[in-house]
Amino acid sequence: MTLHPSVAAVRLPVRALLAQLAPGDVVAVACSGGADSLALASAAVFEGHKLGLRVVGVTVDHGLQPWSADQAARVVAQLASLGVDETLTATVSVDAGAGLGPEAAAREARYAVLEEVATHLGAARVLLGHTLDDQAETVLLGLTRGSGGRSLQGMRPGFGVFARPLLGVRRDDTVTACQVEGLEAWDDPHNHDPGYTRVRVRERVLPVLEDELGPGIAAALARTAEQLRDDTALLDELADRVLADVRRAEGLDVEALRAQPPSLRHRVLHRAALAAGVPAAELTRAHVLEVDRLLVDWRGQRWIDLPGPRRATRRDGLVVIEDPTAG
């Protein structure tokens with residue numbers, strides 16, 4: 001019997017990823033019950049068991065809807081029917097404080113608990129069901145926000161224990177794969193709520209681009225992310241080397257850093273600010289450019305205020321980022 005193309009499209013990248021692991025390794029699959037993660041879980045069981053891996057299905061209950069516990073129980077039952085070796089439900093408390101919206105807060109809480117689950121299980125990988133369409137939406141959102149190359153590179157295929165094997169797979173294929181395999185995928189109402197920017201991009205913006213510019217926009221955006229990721233990785237490596245060269249006991253050597261190209265200089269200053277305790281979520285490009293003026297447009301200005309609170313100042317041939325309340 002010939003394998004359906006959509007099922008094959010999902011299984012192939014999962015097989016390639018899992019083949020890197022050793023028999024007996026534990027693989028956790030984060031599953032919400034939606035088509036993407038459900039198709040991923042099915043493929044992980046099919047391919048993982050052939051490789052002698054232990055597959056654990058994990059669902060996270062964010063507690064944001066009154067029926068979320070029932071949905072988590074439904075997902076657990078689906079995972080069990082797929083043949084996972086173990087199921088696990090993690091309940092999180094979502095705090096939308098600290099300037100985070102509900103979507104970002106839920107994401108942070110989800111990743112935090114999945115890291116705990118990975119440690120508890122001794123998992124070699126935690127698989128996430130993001131697809132090419134998710135990648136395209138992320139890149140487009142980064143473009144509209146003017147977030148620079150780091151945001152435009154989209155979601156990483158892997159980081160830490162996490163892996164996204166379906167970043168090259170279309171969402172239509174995951175939906176079709178579930179239908180072919182007789183899996184009833186859950187359609188989260190939030191995925192159609194126009195109050196969320198990502199939903200508007202998915203249901204309004206991308207379809208218009210496809211209609212007006214021709215098909216293939218999502219794939220082109222995903223390719224752009226991949227290309228930028230390679231470029232960013234190289235620049236990051238060079239910036240790490242420059243930072244090591246210009247760092248002194250009390251700060252950064254002005255003359256040595258000023259001689260660097262802007263792209264490297266800005267990355268070095270960004271890293272130095274984070275190392276000094278500036279919160280990553282609050283550090284903007286405007287902050288970095290103001291600190292850069294201490295190098296390239298020095299007119300005796302006293303200091304630059306940064307989040308944290310921290311401040312950057314220039315003294316004795318060094319740029320120093322410090323806590324103004326210390327001492």
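Which residues in H11 meet residues in H12? The model is a predicted one. To find the answer, select residues 262-275 for helix H11 and residues 285-296 for helix H12. On the H11 side, show Arg 265, His 266, Leu 269 and His 270. Their partners in H12 are Arg 285, Val 288, Leu 289, Val 291, Asp 292, Leu 295 and Val 296. By type, the residues of this contact comprise 6 nonpolar, 2 polar and 3 charged.

Stay with this pair and look at its geometry. Two packed helices are described by the angle between their axes and the distance between the axes. Here H11 and H12 pack at an angle of about 110 degrees, and their axes are 9 Å apart. H11 is therefore roughly perpendicular to H12. Their crossing is right-handed.

Next, go to the largest nonpolar core, which has 30 residues. Select Val 10, Leu 18, Val 29, Leu 79 and Leu 127, the residues with the most contacts inside this core. At least two core residues come from each of helix H1 (5-18), strand E1 (26-30), helix H2 (35-50), helix H3 (68-82) and helix H7 (171-180). H2 gives the most, with 8 residues.

Leaving aside residues up to four places away in sequence, Val 29 touches Ser 37, Leu 40, Ala 41, Ala 44, Val 55, Val 56, Gly 57, Val 58 and Leu 127.

For the last stop, select Ala 239, Val 268, Ala 273 and Val 319. These residues are included in a second, separate core of 23 residues.

Notes. Residues are numbered from 1 along each chain as its sequence is written. This is a predicted model: local features need pLDDT of at least 70, side-chain atom pairs count only at pLDDT 80 or more; totals for chains, interfaces and linings use all residues. Side-chain values use heavy atoms; hydrogens and water are left out. A nonpolar core is a set of buried Ala, Val, Leu, Ile, Met, Phe, Trp, Tyr and Cys residues joined through side-chain atoms within 4.5 Å. Buried means under 20% relative accessible area, exposed over 50%, partly exposed in between (1.4 Å probe, protein chains only). Helices (H or I, at least four residues) and strands (E, at least two) are DSSP runs, numbered from the N terminus. Contact means heavy atoms within 4.5 Å. Axes are lines fitted to C-alpha atoms, for helices over the stretch in contact, and angles run from 0 to 180 degrees between N-to-C directions. Angles under 35 degrees count as roughly parallel, over 145 as roughly antiparallel, 65 to 115 as roughly perpendicular and the rest as oblique. A crossing is left-handed if the near helix is turned anticlockwise from the far one by less than a right angle, and right-handed if clockwise. Ala, Val, Leu, Ile, Met, Phe, Trp, Tyr, Cys and Pro count as nonpolar, Asp, Glu, Lys and Arg as charged, and the others, Gly among them, as polar.
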